[in-house]
Amino acid sequence: MALDDLYREVILDHYSHPRNKGELPDPDIKVEGANPLCGDELSIFVKLDGGRVAEVRFHGRGCSISQASASMMTEQIKGKTLDEARALAGRFKAMMQGESVSEDELGELTVLQGVRKFPVRVKCATLSWVALEQGMDEFEAATGKISAKASSE
Amino acid sequence: MLAERVRADFPILQQRMNGKPLVYLDSAATSQKPRRVIDALVRYYEQYNANVHRGIYRIAEQATEAYEAARAKVAGFINAARPEEVVFTRSTTEAINLVAYAWGRANVGPGDEILLTEMEHHSNLVPWQMLAAERSARLLAVPFDEQGMLRIDEFDRLLSERTKLVALTQQSNVLGTINPVRELAAKAHRVGATVLVDGAQSVPHMPVDVRQLGVDFFAFSAHKMCGPTGAGALWARYELLDAMPPFHGGGEMIMLVHLDRSTYKDPPHKFEAGTPNIADCIVWGEAVDYLQEIGMAAIREHEMQLTHYAMHRLSEVPGLRLFGPESPQRRGGVLAFDLDVAHPHDVAQILDQDGIAVRAGHHCAQPLHRRLDVSATTRASLYLYNNEADVDALVAGLMGVRRLFAPKATRVWS
């Protein structure tokens with residue numbers, strides 16, 4: 001177990017210079033995630049345009065792994081549809097659970113593979129993705145309800 | 001130095017981690033065990049393993065005798081008036097829950113108040129939340145100041161005729177703060193309140209005399225004082241235990257059982273339903289002997305000196321903020337801190353590479369961390385076997401954390 005596997009240069013760069021950090025006014029999706037192990041908290045804000053992620057930001061506190069993972073996630077899902085984002089989340093979680101994935105599928109996210117060697121830290125890496133999935137579920141459940149209501153009127 | 005005399009007693013400290021000596025700085029979570037405690041456990045299972053209080057045969061008598069002798073040793077360790085005032089439980093947490101159920105449900109009612117502190121471990125917080133919700137009682141919490149000292153003025157303000165119970169820790173598991181239990185217990189008794197003290201962090205590290213403290217309930221456990229896990233104790237004045245209804249029902253705690261009713265044994269057996277943790281309670285007695293031979297005053301003195309040294313060395317680490325009282329006289333060897341460049345999980349992970357074991361997180365004290373305005377801290381905690389070399393290794397490790405993170409970041413987590 002070498003620390004270099006965990007603290008890759010790219011990860012430390014995202015940690016010290018997080019992309020898309022902050023809040024977003026009037027988001028379509030707003031969701032909070034928490035890691036009860038360490039008390040880390042994270043919020044994700046997504047604004048949609050034409051069914052695609054137009055803007056995404058995250059806000060919160062956490063360790064280098066959870067912060068870097070959230071920062072990378074925001075870069076990766078911008079411009080994607082919710083279905084595409086969900087598929088990416090699925091692949092990312094599969095990678096963290098030990099499946100082998102190619103760089104074509106996950107791009108820069110593959111640098112987080114090294115976290116698998118430190119099992120207690122896997123939750124740190126998946127925190128933002130699990131929150132995103134929950135946010136998308138809630139959004140679709142709510143909008144589903146709205147359109148169902150609209151069609152019944 | 002005391003540590004140099006006792007280190008050889010602890011087999012685990014002889015092993016190496018990643019080729020480096022194990023630097024164990026997590027005794028506030030659980031202490032390491034000396035060889036004679038480990039041997040006593042093996043001796044019990046190899047030579048006189050039998051159930052207590054029922055067998056007529058030789059080893060059953062031997063086990064019963066050893067079990068009750070351990071109770072007497074544990075009682076003597078905190079200067080209880082008699083062994084029957086010590087109820088064996090499986091942990092400090094269970095001891096506190098015993099009081100919350102058996103005493104709390106009989107004595108706390110609507111409108112009553114339970115006075116806690118903001119530095120309590122979840123185990124001295126959640127049972128009272130559950131009791132308060134069930135009995136429509138109110139919970140109040142005494143805050144602490146910037147030094148981590150309990151706000152006595154706030155304690156005085158919150159204490160009233162409505163206060164039914166004061167529940168507080170003798171030593172904080174995060175700040176290290178040693179609370180003036182004797183003074184607060186006297187004030188609580190003046191308004192007719194009962195006083196429960198969480199002694200999990202104090203009993204292993206300093207001389208404790210429950211009668212001198214003048215409290216009513218005192219909870220603590222074996223595994224933080226060189227004993228095994230799975231054994232704890234509740235001490236209470238005998239009259240108090242005698243007046244309380246039982247906690248768990250079952251075997252061992254009864255005199256006579258009919259289909260529709262039962263009569264109960266006297267304390268402490270009234271509160272020890274089922275086959276107890278015989279082995280670990282017996283072995284706890286061995287840990288008590290070990291600590292008493294060294295002397296609790298000597299252990300306290302050693303830890304105070306080492307805490308003083310550690311505080312001095314940690315102050316050399318740039319960007320490190322240590323929580324808790326500045327004077328080692330007013331605190332135990334529990335050193336929780338914040339390092340500006342790295343999250344506690346990252347700090348602990350990097351230290352682990354050097355064989356240094358520290359704790360990262362909220363240490364079962366989330367309200368305390370909220371008050372400090374941090375989500376987590378890194379905690380190094382000391383015991384009799386720690387020495388200056390352990391502290392030096394910690395400081396060197398923290399400098400390594402800075403080297404990895406500092407060029408890239410300033411205050412990136414909060």
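Visitor: Is B:Asp373 buried or exposed?
Guide: B:Asp373 is exposed, because 8 other C-beta atoms lie within 10 Å. The cut-offs: buried takes 20 or more other C-beta atoms within 10 Å of a residue's own, exposed 12 or fewer, and partly exposed is in between, with C-beta atoms placed from the backbone.

Visitor: What kind of model and numbering am I looking at?
Guide: This is a predicted model, in which local features need pLDDT of at least 70, side-chain atom pairs count only at pLDDT 80 or more, and totals for chains, interfaces and linings use all residues. Residues are numbered from 1 along each chain as its sequence is written, while chains are lettered from A and ligands numbered from 1 in the order in which they are written.

Visitor: Back to B:Asp373. Where does it sit?
Guide: B:Asp373 is in the loop between helix H13 (366–372) and strand S17 (377–381) of chain B. Helices (H or I, at least four residues) and strands (E, at least two) are DSSP runs, numbered from the N terminus.

Visitor: And what is its phi?
Guide: Positive, about 65°, although B:Asp373 is not a glycine. B:Cys226 also has a positive phi, of about 75°, and is not a glycine.

Visitor: Which loop holds B:Cys226?
Guide: The loop between strand S9 (217–221) and strand S10 (232–236) of chain B.

Visitor: Buried or exposed, that B:Cys226?
Guide: B:Cys226 counts as buried, because it has 28 C-beta neighbours inside 10 Å.

Visitor: What about the peptide bond from B:Pro267 to B:Pro268?
Guide: That bond is cis, with omega near 5°. B:Pro268 is found in the loop between strand S12 (262–264) and H10 of chain B.

Visitor: What does B:Val86 touch?
Guide: B:Pro268 is one of its contacts. Contact means C-beta atoms, placed from the backbone, within 7 Å.

Visitor: Where is B:Val86 itself?
Guide: In strand S4 (residues 86–89) of chain B. B:Val86 is buried, with 27 other C-beta atoms within 10 Å. From B:Tyr57, B:Val86 is 29 residues away in sequence and 26 Å away in space, C-alpha to C-alpha.

Visitor: Which residues touch the most other members of the largest nonpolar core?
Guide: B:Leu234 and B:Ala287, in a core of 125 residues. Helix H10 (residues 278–294) of chain B gives the largest share of this core, 10 residues. Apart from that core lies another, of 38 residues, including A:Phe45 and A:Trp129. A nonpolar core is a set of buried Ala, Val, Leu, Ile, Met, Phe, Trp, Tyr and Cys residues joined through C-beta atoms within 7 Å.

Visitor: And what does B:Leu234 touch?
Guide: Among its contacts are B:Val87, B:Leu98, B:Phe217 and B:Ala219, not counting residues up to four places away in sequence.

Visitor: Zooming out. How many helices and strands does chain B have?
Guide: Chain B has 14 helices and 17 strands. Its radius of gyration is 22 Å, close to the 22 Å from the globule rule for 414 residues, so chain B is as compact as a globular protein of that length. That radius is taken over C-alpha atoms, and the rule is 2.2 Å times the number of residues to the power 0.38. Of the 414 residues, 51% count as buried.

Visitor: Now chain A. How do its elements run?
Guide: From the N terminus on, α-α-β-β-β-α-α-α-α. That comes to six helices and three strands. In chain A, 39% of the 153 residues count as buried. The C-alpha atoms fill a box of roughly 60 × 30 × 25 Å along the principal axes.

Visitor: What span should helix H4 of chain A have?
Guide: At 1.5 Å a residue, the 15 residues of H4 (residues 82–96) should span 21 Å, and the end C-alpha atoms are 21 Å apart, which agrees. The expected span is 1.5 Å times one less than the number of residues.

Visitor: Which residues of H4(A) are buried?
Guide: A:Leu82, A:Ala85, A:Leu88, A:Ala89, A:Phe92, A:Met95 and A:Met96. They fall within an arc of 140° seen down the axis of H4(A), so they line one face of the helix. The arc is that of the directions from the helix axis to the C-beta atoms.

Visitor: What is exposed on the other side of H4(A)?
Guide: A:Asp83 and A:Gly90. H4(A) is followed by A:Gly98, with a positive phi near 115°.

Conventions
Two residues are in contact if their C-beta atoms, placed from the backbone, lie within 7 Å.
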